[in-house]
Amino acid sequence: GWGEVQYVNQRTWEEAQKHKRESMPEKPHAKLGQLAATAIAGNDITASCFYSPSLCVSNSGVLAPVGLCIVAFVLWMFRKVYAEVGLALKVNGGCFSILLNTTSKKIASLGACLSFIAYIATAVVSASSASQYLSTIWEGNNVALATIVILAIFAAINMFGISDSSTVALCIFVVHLLTLLALCIASLVYVIKHPAIIVANYTLPLNL
């Protein structure tokens with residue numbers, strides 16, 4: 001009536017727990033898939049193609065392709081570093097996780113804050129550029145209000161979770177690629193039909 005006493009060998013108990021873990025089926029983690037993951041990462045690059053060249057051309061003129069090629073070359077040189085970090089630290093957190101494993105918490109927090117500010121600035125610039133493009137089609141468009149609405153829409157989408165966001169990102173990625181393809185084809189056709197324009201562009205004096 002007072003119960004019982006058992007003496008359990010530590011090794012036997014550990015083996016039993018190990019057998020229990022191996023026998024229990026693990027729930028598979030939900031994965032986005034290669035296409036959805038590519039869309040999320042690819043939107044950052046393809047979206048930049050719509051407003052970065054125009055800003056570069058307005059300041060560099062005919063030397064804009066040189067500047068863009070330098071940027072592409074720098075990113076190409078860091079490709080192995082990005083791949084190594086992504087494979088070594090398969091966790092969320094971006095530069096915070098990287099700095100946390102290589103430096104102190106203060107520096108990692110500073111890097112995270114700077115990245116957060118950079119992401120907000122990029123989102124605002126992208127939304128503002130989209131609103132300005134919309135103004136060329138709709139004259140009554142309020143750029144500031146449209147920018148806020150665009151940011152609010154994507155903030156709401158992000159609150160639903162990464163799975164829903166990836167679906168939207170995939171649709172945007174496809175639209176980006178189709179738009180870039182159409183733009184390249186239209187530009188090529190225009191250059192073939194009007195070769196004098198591109199020749200005139202590259203005979204302009206350099207504004208250094």
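First, a term: helices (H or I, at least four residues) and strands (E, at least two) are DSSP runs, numbered from the N terminus. By that count the protein has nine helices and zero strands. Read from the N terminus, the order is α-α-α-α-α-α-α-α-α.

Two notes on where this comes from. It is a predicted model, in which local features need pLDDT of at least 70, side-chain atom pairs count only at pLDDT 80 or more, and totals for chains, interfaces and linings use all residues. Residues are numbered from 1 along each chain as its sequence is written, and side-chain values use heavy atoms, with hydrogens and water left out.

Now the overall figures. I call a residue buried under 20% relative accessible area, exposed over 50%, and partly exposed in between, with a 1.4 Å probe and protein chains only. Of the 208 residues, 12% count as buried. The protein exposes about 17000 Å², and carbon and sulfur atoms supply 70% of that; these areas come from the Shrake-Rupley method with a 1.4 Å probe, and for residues only the protein chains shown count as cover. Contact means heavy atoms within 4.5 Å. Among contacts in the protein with a separation of 6 or more, 49% are between residues 24 or more positions apart.

Next, helix pairs. Axes are lines fitted to C-alpha atoms, for helices over the stretch in contact, and angles run from 0 to 180 degrees between N-to-C directions. Angles under 35 degrees count as roughly parallel, over 145 as roughly antiparallel, 65 to 115 as roughly perpendicular, and the rest as oblique.

How do α5 and α6 lie to each other? The axes of helix α5 (residues 95-102) and α6 come within 8 Å and cross at roughly 165°, so the two are roughly antiparallel. On the α5 side the contact has Cys 95, Phe 96, Leu 99 and Leu 100, and the residues they meet in α6 include Lys 105, Ile 107 and Ala 108. By class, that contact has seven nonpolar, three polar and one charged residues. For this, Ala, Val, Leu, Ile, Met, Phe, Trp, Tyr, Cys and Pro count as nonpolar, Asp, Glu, Lys and Arg as charged, and the others, Gly among them, as polar.

Helix α6 (residues 105-137) also meets helix α7 (residues 143-159), with axes that come within 8 Å and cross at roughly 125°. That angle makes α6 and α7 oblique to each other. Among the residues making the contact are Ala 127, Ser 131 and Ser 135 of α6, and Ala 146, Thr 147 and Ile 150 of α7. The residues of this contact divide into eight nonpolar, five polar and no charged.

Two residues belong with that pair. Thr 147, in α7, counts as buried because its relative accessibility is 10%.

Asn 141 sits in the loop between α6 and α7. Is Asn 141 buried or exposed? With a relative accessible area of 12%, Asn 141 is buried. Not counting residues up to four places away in sequence, Asn 141 touches Ser 131, Leu 134, Ser 135 and Ala 146. Asn 141 and Ser 131 are ten residues apart in sequence and 7.8 Å apart, C-alpha to C-alpha.

Last, His 176 in helix α8 (residues 162-193). His 176 counts as buried at 14% relative accessibility. Again leaving out residues up to four places away in sequence, His 176 touches Asn 43, Thr 46, Ala 47 and Phe 50.
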